[in-house]
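Let's take a walk through this protein together. Keep the sequence and the 3D view open as you read.

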Amino acid sequence: MHCPTVTLLMVLYSLLHVGLMNGIDQNATFGGLQLGNVSNQGIDAYYYYNQTQTQAVRLSVWSDAPLDYPASFVVLEQKSVKSMSVPYVIADSGLSFSDVSHTLCPPEFKDGALTVRVSTFSPDLVNYTILAENEETFSLETGDELEAIAGPAEPLLLEYTFPDGTETVMLKASSDNEYCAYLSVQKKECPVYDEFDNVPFRGTFQSMTRNAAITVVKNDYPDGFYIIIVVHPDDAVCENYQPLGSKDSQTNTRYKNITVSIVPANSKYLEPVLITLGVGAAFYMFIGMIVLGYWLQDWCTGRASKLHVEDNVVQEGEDDLPSLTETSGIHARNLGNYGSLESTPNAIDVDRSIPLASGVPQGPQDPEVRSQDSMDGFDTLDDIEQEQDVYLAKKQLYLCDTSRQEGYVRERKLTMYPWNLVTVSTFYALPVVQLVITYQIVLNLTGNQDTCYYNFLCARPAGVFSAFNNVFSNVGYILMGILLWLLVWRREIIYNQSPPEARLTGIPKHYSLFYALSIALIVEGVMSACYHVCPNNTNFQFDTSFMYIIACLCMIKLYQQRHPDIDPEPHRAFVVFAVIIFLGMIGVIFHNVYSYVTFFIIHIMTCLFMTLHVYYKSTIRFDTGIFSRVRQELKNVVATKDFKPLYLGRFFMLLVGNAFNWALSLFGLITMPLDFASFLLSIFIINLLLYLLFYIIMKLFHRERLTPLVCFFISMTVLLWLPALYFFEQGVTAWQEMPAVSRTHNRPCLILDFYDSHDIWHFLSACGLFFSFMTILVLDDDLDGKPRDKIPVF
């Protein structure tokens with residue numbers, strides 16, 4: 001069964017023997033140019049002897065052989081055979097090179113022989129030249145900088161050996177043109193993979209245009225490593241344009257001037273980690289001193305462990321508490337009841353929003369008047385169930401009108417926010433962690449650093465992480481989330497220890513949403529860390545999903561301050577969160593005009609829905625009769641010629657909000673930004689800022705004051721967010737672009753030779769979010785002790 005194989009080997013040996021008899025067989029010297037010609041009648045052979053043990057050889061060949069009959073140069077190395085065909089033709093491109101040059105692996109023993117054989121199938125003689133010379137600049141040392149030229153047929157090969165005491169180095173490569181190339185690091189093994197189509201099969205590599213950098217750890221390459229740079233025949237790998245065969249690639253001029261250097265890299269991470277944790281501890285102490293100062297102030301004034309109650313309320317005493325509850329619209333059947341309205345509907349100034357809300361102009365007695373939005377736990381008195389929309393339709397609402405539910409009912413509903421968030425976060429985080437770990441394992445196994453968009457000029461590998469600094473810098477979110485939880489917990493304990501009469505005044509205190517915000521901040525830190533394990537366009541949504549939730553929870557909390565009874569149910573809110581995350585995913589994956597048109601329609605419809613819902617204070621029902629009621633309402637307005645808005649403050653707030661949202665939606669539809677996730681997040685942030693600004697303006701308009709603590713938190717929020725946004729805009733990576741283009745945005749570390757500008761953004765934004773939440777937490781402290789029938793709703 002082996003006869004055909006044996007016969008073939010005998011024939012090949014005979015042909016080779018005959019060819020050698022008809023060709024040249026001679027010794028050659030390094031540095032000498034060998035000229036010759038060859039045809040299919042013979043094989044020329046040249047023998048070189050390398051007299052330097054570790055010195056590499058650069059072999060350059062040229063031939064005028066036709067494309068149909070290329071000249072073949074076979075190099076017999078110590079442990080491998082290397083073949084070069086001239087002209088060198090790039091498959092499927094038509095691009096060819098008559099000059100080919102490679103650096104051969106250095107021999108491992110002295111006086112190693114090097115043999116070059118030249119052959120062709122051409123019946124006519126073809127000319128060739130051979131130049132073998134010692135590579136003088138083959139070895140690089142730490143701190144060296146080398147300028148060289150590389151091309152598709154002339155790759156660059158260098159070597160580096162770790163000196164004693166050096167554990168980590170950074171290999172840098174830069175160029176003055178944007179021709180696409182590969183930068184590769186391989187173990188000192190032969191053969192070397194130095195062609196553009198086989199470089200990805202060994203070692204670590206990344207594509208580059210202007211610059212690239214690879215951090216190399218001695219544990220991975222104890223004997224040192226080879227550096228390979230080879231230019232691509234086209235730029236499709238780097239910039240996704242100029243495919244093979246394009247006009248610009250049909251030249252032999254794709255040579256790249258490259259500067260290569262090796263510098264020491266920081267391998268001692270304990271110091272920056274400890275400094276970071278120390279700064280976090282100092283921040284805890286700073287906030288603790290503020291808390292201690294306010295506690296001492298309360299203790300000195302005799303107000304420790306209770307809320308401040310206005311003098312007129314305190315002077316009435318416990319015996320006058322029923323009159324207080326009547327004035328405030330509070331039915332104090334037990335201390336857990338924040339109040340239920342006992343007035344009759346005849347005493348209420350009902351406006352024309354009733355027809356639009358219920359479809360019936362008369363009728364608090366009509367069961368259809370009753371709201372279906374978020375009153376499931378409302379007081380069980382039948383007259384109150386029938387009249388709640390009538391009270392919400394008053395032209396001027398006070399907090400007693402929107403806080404009629406039993407306190408325990410609201411608390412039971414709001415408690416679901418943190419529990420639901422914990423459940424959702426757990427199910428969301430587990431597959432995320434599994435996916436990013438898989439990404440990291442694939443990167444480590446394949447060596448393809450184009451998989452992840454790191455800032456390679458400041459990527460600090462540790463263990464399995466390629467950029468440990470970018471992962472660890474998210475600890476700020478976790479620390480701030482824990483601190484917020486502790487402060488909310490302390491505040492809740494003090495509130496629960498306050499006198500009963502104090503809990504019947506001011507803004508109803510419910511802390512579940514703040515617990516949810518603290519959990520969301522912690523989970524945001526975890527999700528952002530997961531994203532930075534291997535940042536790319538497919539997992540960027542992990543970094544933004546909980547930012548959407550944080551923005552929405554803040555708006556819900558602000559709305560709940562003055563509308564305790566009509567804030568959204570937790571299950572409905574989380575359905576909305578899911579829809580938002582789904583839209584973000586669709587926008588990232590399907591980046592086209594259809595996705596933006598769909599988002600534009602959904603965004604505008606949502607704005608209209610929220611406008612009606614907020615303007616009519618949740619009394620409007622969205623059913624099949626909504627359009628007829630709107631039409632009837634418009635007819636009434638035209639007939640009475642009364643175009644003045646009933647709720648002037650809400651009208652202008654919604655007008656400005658709609659203007660901004662419509663403008664943002666149109667901007668997205670026209671420009672179609674590549675980073676859809678950030679575009680969607682900016683919409684939520686702008687809406688949150690507008691609502692917070694409106695809330696503060698309305699407080700001041702109603703002669704409410706901002707306490708010194710609120711002013712301090714607002715100032716800290718602004719002072720932190722401004723530099724945070726500056727560092728965020730530095731953009732050290734760009735996953736919207738190809739990996740090689742993203743590397744042109746890479747920048748060196750800025751702090752402790754460990755953190756880059758994006759890490760600084762992590763720290764500043766974490767502190768900014770903390771102070772933002774604290775602003776909302778203490779925003780209405782000036783109302784503690786104020787009767788609820790004197791607190792306006794806006």
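Where does Glu77 lie? Glu77 sits in the loop between strand E5 (71–76) and strand E6 (81–86); helices (H or I, at least four residues) and strands (E, at least two) are DSSP runs, numbered from the N terminus. Before going on, note that this is a predicted model, in which local features need pLDDT of at least 70 and side-chain atom pairs count only at pLDDT 80 or more, while totals for chains, interfaces and linings use all residues. Residues are numbered from 1 along each chain as its sequence is written, and side-chain values use heavy atoms, leaving out hydrogens and water.

Glu77 is buried, with a relative accessible area of 17%. Buried means under 20% relative accessible area, exposed over 50%, and partly exposed in between (1.4 Å probe, protein chains only). Not counting residues up to four places away in sequence, Glu77 touches Lys82, Leu104 and Cys105; contact means heavy atoms within 4.5 Å.

Now move to Gln561, in helix H14 (residues 540–562). Gln561 is buried as well, with a relative accessible area of 6%.

Next come the salt bridges, each a side-chain nitrogen of Lys or Arg within 4 Å of a carboxyl oxygen of Asp or Glu. By this rule the count comes to 13. One of them joins Arg743 and Asp450 (2.4 Å, N to O). Arg743 lies in the loop between helix H21 (739–742) and helix H22 (757–778), and Asp450 in the loop between helix H10 (416–446) and helix H11 (468–472), so the pair ties together parts that are 293 residues apart in sequence. Both Arg743 and Asp450 are buried.
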